[in-house]
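Student: Please take a close look at one part of this model. I would like the cut-offs stated as you go.

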There are 2 protein chains.
Amino acid sequence: MKSDTSLSKTEENYIKAIFKLSEKDDQPVNTNAISKSMSIAPASVTDMLKKLAEKELIHYEKYKGVRLSLEGKSVATQLIRKHRLWEVFLVNKLQFGWDQVHDIAEELEHIKSESLVNRLDTFLGNPKFDPHGDPIPNREGKFTLRNQTTLSTLVPGQTGILVGVREHSTPFLGYLNDLKIALGTELKLVERIEFDNSLKIEISQQQQTIITEKVGQNLFVKFK
Amino acid sequence: MKSDTSLSKTEENYIKAIFKLSEKDDQPVNTNAISKSMSIAPASVTDMLKKLAEKELIHYEKYKGVRLSLEGKSVATQLIRKHRLWEVFLVNKLQFGWDQVHDIAEELEHIKSESLVNRLDTFLGNPKFDPHGDPIPNREGKFTLRNQTTLSTLVPGQTGILVGVREHSTPFLGYLNDLKIALGTELKLVERIEFDNSLKIEISQQQQTIITEKVGQNLFVKFK
DNA sequence: GTATATTTTTAGATTATTCTAAAAATTGTA
DNA sequence: TACAATTTTTAGAATAATCTAAAAATATAC
Ligand SMILES: [Mn+2]
Ligand SMILES: [Mn+2]
Ligand SMILES: [Mn+2]
Ligand SMILES: [Mn+2]
């Protein structure tokens, strides 16, 4: 049962952090993990977990970590929907670069108006992916799945199209900008260097470069 | 000298309230006036005034009311700029009604990003007025002046075009919607009823209606 | 399986914003 | 000018979100 419908920005940020930490494995999320991901002291996290449990947004047992309740998952999903739709707006309509929009979207996602989100969605043409290739949940919270193959798993000679990035940091996206790599760019794995698993790639059938294994693991591609 | 650049949403709301209260006469604004306009207890207002004075956003002398400093005026103007640009976005791009956008804009105005506002301005085509006919300050904070003549000052037989509304409440705007009165609508003063100064008007050369004096005073018109 | 290390919670404080009640200052009135 | 009414400020307290330090629980290691 949802007791209090209106959540503070702070509460929303905790919910989102917990959601992101439990995305991969569906394991309970530890206090310390939340603390680190949000840069907030563990003691403060404990306090908030009690509060969120009280509101039935999470299932919480002392010392055992937390899981989002169905209600909590829905809150998280709607926040992610808003975040990503705003990012599309900022990039497609206001001409921001994909490396400039995260922090602004981080604020915009907390504006509470269902009709605003839905009208924005319509205005943008119901996009399925955000500027980083991340899927945008629909009104019902359903995500379109994206290819999870990374460039580093291709075999030499194989070509992929960039459909998403795992890392979202400004430095990483700026680095891709410098390499003229954007969503939709054709990337061919030319050679894997044995020594350190770094990759020689060809970008848009033009320049060749070396990227580290780590970079390769952060580039999601689909087969051409 | 501006000491702390970042203001809380709360501080911003006080600055805006003080600005609006001193718009007409340039007199100092009293604690009680702020208290009433914001629905916050006078004692709380006093506390905040001390804080804003500390930050040099207002000139404050105990028991004598406050005035915005130049810095404070600039903060207020930029907030109003953001508020009105967002209202234009909501109405022109997302198809909201002019009676539905104020509260959402009240939230959006607190998003802090200079490039966001300026890009939004460009995207909207640098509008000079918002959906209620209120002037939108430019980057430098300059307002385009709008005609301040109200319908109630016309002489019978005279026609005006609606260029703005003084009241912004949802009920008032909804009432105008019902009457098919919008910005740009032609309004002819047919007759002034002596008894209570109510006005018989003709809307878009079509229906005739009676409106109260109060309504007439809330409709800004320019001569046709 | 005890001792040590790590994680989590509790206790006690702090800052921002708000409140009510009471005191102080100012304003209006006769 | 004196008294009353009004306005404003001060005092003391509450709530939300955070912190540090210490205690308690759990996990790891030998
Ligand atoms: Mn983002
Ligand atoms: Mn994104
Ligand atoms: Mn408004
Ligand atoms: Mn407006």
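Student: How far does a polar side-chain atom of B:Y60 lie from a phosphate oxygen of DNA strand D?

Tutor: This is a predicted model: local features need pLDDT of at least 70, side-chain atom pairs count only at pLDDT 80 or more, and totals for chains, interfaces and linings use all residues. Residues are numbered from 1 along each chain as its sequence is written, chains are lettered from A and ligands numbered from 1 in the order written, and side-chain values use heavy atoms, without hydrogens and water.

The distance for B:Y60 is 2.4 Å. That is a polar contact (a pair of N or O atoms within 3.5 Å; within protein, one must be able to donate a hydrogen and the other to accept it, and residues adjacent in sequence count only if both atoms are side-chain atoms). B:K62 also reaches a phosphate oxygen of DNA strand D, with a side-chain N or O atom at 2.5 Å. A:Y63 goes to a sugar or linking oxygen instead, at 3.3 Å.

Now the wider surface. There are 22 residues around DNA strand D, counted as near if a heavy atom lies within 4 Å. Among those that come nearest are B:Y60, B:K62 and A:S44.
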